[in-house]
Amino acid sequence: MTEKNINHTIVIYPGTFDPMTNGHLNIIQRASKMFDVVYVAIGANPEKNPTFTPEERKILITKICEPLKNVKVEIFHGLAVNFAKKLNAKGIVRGLRTEADFMYEMQMAMMNKSLNKDLETIFIPTMQELSHISSSLLKSVASLGGNISEYLPREINDALLKKLNS
Ligand code: COA
């Protein structure tokens, strides 16, 4: 076994991803350069009413992340910390866009730390040109006929338009 195998660093990147935007994709690409394995973990946020089923999101994200060989996509239920533990992950990656994100993310990071002391949260700042977008904002603009294609991978833009027109 090589030293790289011994120190294999696995992280999870949990989120609702309804749908995954170029902002999320940028975080995944950057995390994939920093860690040996990145699991995109599709979770359920009880406060959200998703447009895509978890399975639809998994298919779309898997297709888009295919060129990133160390990125895997899974659906999880329950606590993110438990899913991380099951995968032997050392950290939870989250993107940070704004000051408002920071408050919410710090609260989650502290709760996750108290639930599992061995897990670290790693924040990756979002690219400035993508810091004003969110999945629900894009869905809302698209539902009113706005063009949001510059913010979404092509397959996701197509799938979203299909959903909105069905
Ligand atoms: N680019 C663009 N948008 C981004 C972004 C980025 N880099 N990073 C975050 N966002 C946006 C998303 O588009 C999303 O927008 P929306 O609210 O309009 O839909 C929002 O920020 C946050 O969504 P997302 O990153 O998908 O995560 P979330 O906050 O919905 O998901 C979970 C939170 C799933 C990670 C969290 O609820 C969780 O861990 N749940 C499992 C249960 C658990 O462990 N609970 C205890 C937590 S302490």
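Predicted model: local features only at pLDDT ≥ 70, side-chain atom pairs only at ≥ 80, totals over all residues.

Reader: Which residues of helix α6 are buried?

Author: Buried means under 20% relative accessible area. In α6 (residues 135-143), S135, L138, K139 and A142 are buried. Seen down the axis of α6, these residues fall within an arc of 100 degrees, so they line one face of the helix.

Reader: What covers the buried residues of α6?

Author: The cover includes α2 (22-34) and α7 (154-165).

Reader: Now the sheet. In what order do the strands come, and is the pairing parallel or antiparallel?

Author: Strands of a sheet pair through backbone hydrogen bonds, either parallel or antiparallel. Here the pairing is parallel, and 5 strands form an open sheet in the order β3-β2-β1-β4-β5. At the edges are β3 (71-75) and β5 (120-125), each pairing on one side only. On average, neighbouring strands of this sheet are turned by 30 degrees against each other, direction ignored.

Reader: How many bridges join β2 to β3?

Author: Strand β2 (residues 37-42) is joined to β3 by 5 bridges, and the two run parallel. I42 stands opposite I75 in β3.

Reader: Which strands does α2 lie across?

Author: α2 lies across β1 (10-15), β2, β3, β4 (91-96) and β5. To β5, α2 runs at about 120 degrees.

Reader: And which strands does α5 lie across?

Author: Helix α5 (residues 99-115) lies across β4 and β5, and runs at about 170 degrees to β4.

Notes: Residues numbered from 1 in each chain as written. Heavy atoms only, no water. Buried < 20%, exposed > 50% of the residue type's maximum accessible area, 1.4 Å probe, protein only. Helix = DSSP H or I, 4+ residues; strand = E, 2+ residues; numbered from the N terminus. Arc of directions from axis to C-beta. Contact = heavy atoms within 4.5 Å. Pairing = 2+ DSSP bridges. Axes fitted to C-alpha atoms, helices over the stretch in contact; angles between N-to-C directions.
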